[in-house]
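This report goes through a structure from the overall fold of a chain, by way of the contact between chains, down to single residues. Please keep the sequence and the 3D view at hand while reading.

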2 protein chains.
Amino acid sequence: MTIAVLCGGVGAARLLRGLVRVVDPAALTAIVNVGDDTEMHGLHISPDIDTIIYTLADAIDPDRGWGLVDETWNAMSQFERLGNPTWFNLGDRDLATHIVRTERLGVGDTLSQVTEHLAASWGLGCRIVPVTDDPLRTTVTVADGEISFQEYFVGRRHAVPVTNVRFDGAEHATPAPDVLPAIANARRVVIAPSNPLVSIDPVLAVPGVREALIERRSDVVAVSPIIGGKALKGPADRMLEELGHEASVVGVARLYAPLAATLVVDEADAGSVAAVEAEGMRCIVTDTIMSNPERSASLGTVVLA
Amino acid sequence: MTIAVLCGGVGAARLLRGLVRVVDPAALTAIVNVGDDTEMHGLHISPDIDTIIYTLADAIDPDRGWGLVDETWNAMSQFERLGNPTWFNLGDRDLATHIVRTERLGVGDTLSQVTEHLAASWGLGCRIVPVTDDPLRTTVTVADGEISFQEYFVGRRHAVPVTNVRFDGAEHATPAPDVLPAIANARRVVIAPSNPLVSIDPVLAVPGVREALIERRSDVVAVSPIIGGKALKGPADRMLEELGHEASVVGVARLYAPLAATLVVDEADAGSVAAVEAEGMRCIVTDTIMSNPERSASLGTVVLA
């Protein structure tokens with residue numbers, strides 16, 4: 001069965017790690033957020049794509065949840081000496097990924113082509129595509145003005161309130177070639193348990209993507225990134241509240257009801273099934289905490305059932 | 001006393017290391033070959049400039065003679081995985097230098113400006129300038145065709161015969177802003193003990209540089225890179241013969257006599273003084289093997305005497 005998954009970073013990577021264990025990876029297309037992408041030292045960095053590739057390659061650092069395992073950090077000391085910014089940590093091996101990406105983009109490859117090359121180099125069997133090959137950058141408004149997503153997420157450790165989120169370039173972006181066909185042809189479309197406002201929304205902001213999901217609504221399943229009112233990792237819970245939503249599975253249901261028929265929630269939220277269903281979504285309760293590959297696979301099985 | 005030094009890589013770096021010990025570094029301008037420069041992984045690499053900066057910063061790897069001491073090589077394994085060429089080794093900390101150089105060139109800085117920034121970041125007191133900010137690339141002809149200098153020097157370990165050397169871009173290159181004033185105003189112009197054919201010749205090939213030296217001939221001192229018929233390091237001896245010159249201090253004198261009044265030779269070549277003088281150069285005999293900073297300083301003193 002063919003599957004398309006709308007993805008942010010860590011949560012999506014863990015779900016994909018399960019899905020490739022329960023279906024033929026060749027039938028799986030991960031459609032990945034690029035709003036987090038940034039330029040650092042002149043290099044093009046695609047954090048969500050890399051988190052997914054490294055996770056599926058079993059090369060992710062399991063403690064940090066980003067970057068490569070057994071990484072070294074020696075280039076950083078030289079960046080510091082040369083007066084380059086050092087608030088965004090880049091490991092030595094990881095740096096090669098960004099160098100190769102930048103090199104290939106520089107000679108005219110699309111981000112889709114580069115991503116396909118990176119995934120193939122790691123021997124991945126599934127397809128990983130950026131939602132768009134065009135520039136799309138998430139900008140957030142905080143107390144002292146607008147900053148890039150990485151300045152918020154890494155620079156400020158997502159510890160400051162956000163009053164607005166904007167996806168620069170989204171309105172003029174075109175879905176990457178594989179995106180709309182993957183959604184149209186999938187037996188099941190999955191919205192990964194990623195931050196709805198800064199991981200999934202920029203994917204939906206690319207013209208045509210939201211419409212494609214609405215078209216397939218009955219086959220779209222979302223997994224709630226909110227468990228018992230909290231995000232497992234990252235600022236999704238605070239951000240939902242800061243931007244006028246409810247930090248709960250019901251708040252998530254209100255966001256996703258127009259495009260997804262089903263919401264998968266954690267057992268901690270079993271008491272909210274009726275409230276989710278009142279928002280117009282079918283509600284499935286299961287264990288959604290993907291603390292190891294086996295639990296990722298169990299969740300994958302439920303999502304595809 | 002102000003000094004200008006025409007430089008290649010290791011030999012020049014060692015002489016400079018001595019000169020900064022015997023004169024005010026602020027009075028010293030190193031004019032550096034860029035014919036060895038190359039693009040690797042989309043990064044601009046300037047091997048001679050970096051060898052000089054790292055040596056003067058006491059950060060060079062003393063065994064290899066290039067790159068940083070205590071270096072790690074982890075990015076290379078990732079380049080290999082991603083299918084990028086791996087025959088040109090780049091250390092992890094060194095990589096940051098190339099990234100910063102490429103970033104700054106990319107936003108419109110000149111190579112002179114970037115080099116000034118790098119030298120200042122390492123706290124160097126002397127001025128290090130590329131001979132030109134324009135593209136100038138050394139290409140050598142070997143049995144199977146033309147290859148770049150680095151393909152010859154690193155890729156083939158300079159173990160193949162060279163039948164021709166060409167400096168692409170030289171005829172349209174302009175000396176970098178500091179180059180001609182440094183030569184015109186120097187009390188002494190020094191030609192470092194670098195390969196005459198692929199380190200010094202590309203410097204002289206930039207229109208105006210050779211003429212500027214001829215103008216100052218009586219104040220120009222060259223140090224022979226050939227000692228007892230051999231190069232201390234690298235292919236200078238073989239290359240001289242392959243290209244129809246003599247691999248001896250006399251061969252060096254024939255090349256430099258039009259632009260330099262004096263040739264400094266090693267004690268091993270004391271017997272060749274008359275032959276050098278027969279080529280029209282004054283000949284000074286001293287210990288030219290710069291195996292430590294003190295011996296570099298001694299040679300520096302002789303060169304400036």
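## Fold and contacts

Among the contacts in chain A with a separation of 6 or more, 67% are made by residues 24 or more positions apart. The model is a predicted one, and its scores are ipTM 0.93 and pTM 0.95. For chain A the average pLDDT is 97, with 100% of the residues scoring at least 70.

Chain A contains 13 helices and 14 strands, and 53% of its 305 residues count as buried. A compact globule of 305 residues would have a radius of gyration near 19 Å, and because chain A has 18 Å, its value agrees with that expectation. The extents and other overall values of chain A are collected below.

| Property of chain A | Value |
|---|---|
| Span of the C-alpha trace along the principal axes | about 60 × 45 × 40 Å |
| Radius of gyration | 18 Å |
| Buried residues | 53% of 305 residues |
| Average pLDDT | 97 |

**Where the chains meet**

The contact between the chains takes 25 residues from chain A and 25 residues from chain B. On the side of chain B that touches chain A, α3 (74-81), α4 (92-106) and α5 (111-121) of chain B each supply at least two residues, and the largest share, ten residues, comes from α4(B). By class, this side of chain B is made up of nine nonpolar, twelve polar and four charged residues.

**The nonpolar core**

The largest nonpolar core has 198 residues, and those with the most contacts inside it are Val5, Ile31 and Leu263 of chain A together with Val5, Ile31 and Leu263 of chain B. Leaving aside neighbours within four places in sequence, Leu263(B) is in contact with Ala222(B), Ser224(B), Val249(B), Val252(B), Ala253(B), Tyr256(B), Val276(B), Met281(B) and Cys283(B).

**A serine in a loop**

Ser248(B) lies in the loop between α10 (236-242) and α11 (249-256) of chain B. Not counting residues up to four places away in sequence, Ser248(B) touches Ile226(B), Gly229(B) and Ser272(B).

How values were computed:
Residues are numbered from 1 along each chain as its sequence is written. Chains are lettered from A and ligands numbered from 1 in the order in which they are written. This is a predicted model: local features need pLDDT of at least 70, side-chain atom pairs count only at pLDDT 80 or more; totals for chains, interfaces and linings use all residues. A nonpolar core is a set of buried Ala, Val, Leu, Ile, Met, Phe, Trp, Tyr and Cys residues joined through C-beta atoms within 7 Å. A residue is buried if 20 or more other C-beta atoms lie within 10 Å of its own, exposed if 12 or fewer, and partly exposed in between; C-beta atoms are placed from the backbone. Two residues are in contact if their C-beta atoms, placed from the backbone, lie within 7 Å. Helices (H or I, at least four residues) and strands (E, at least two) are DSSP runs, numbered from the N terminus. The radius of gyration is taken over C-alpha atoms; the globule rule is 2.2 Å times the number of residues to the power 0.38. pLDDT is the predictor's confidence in each residue, from 0 to 100. Ala, Val, Leu, Ile, Met, Phe, Trp, Tyr, Cys and Pro count as nonpolar, Asp, Glu, Lys and Arg as charged, and the others, Gly among them, as polar.
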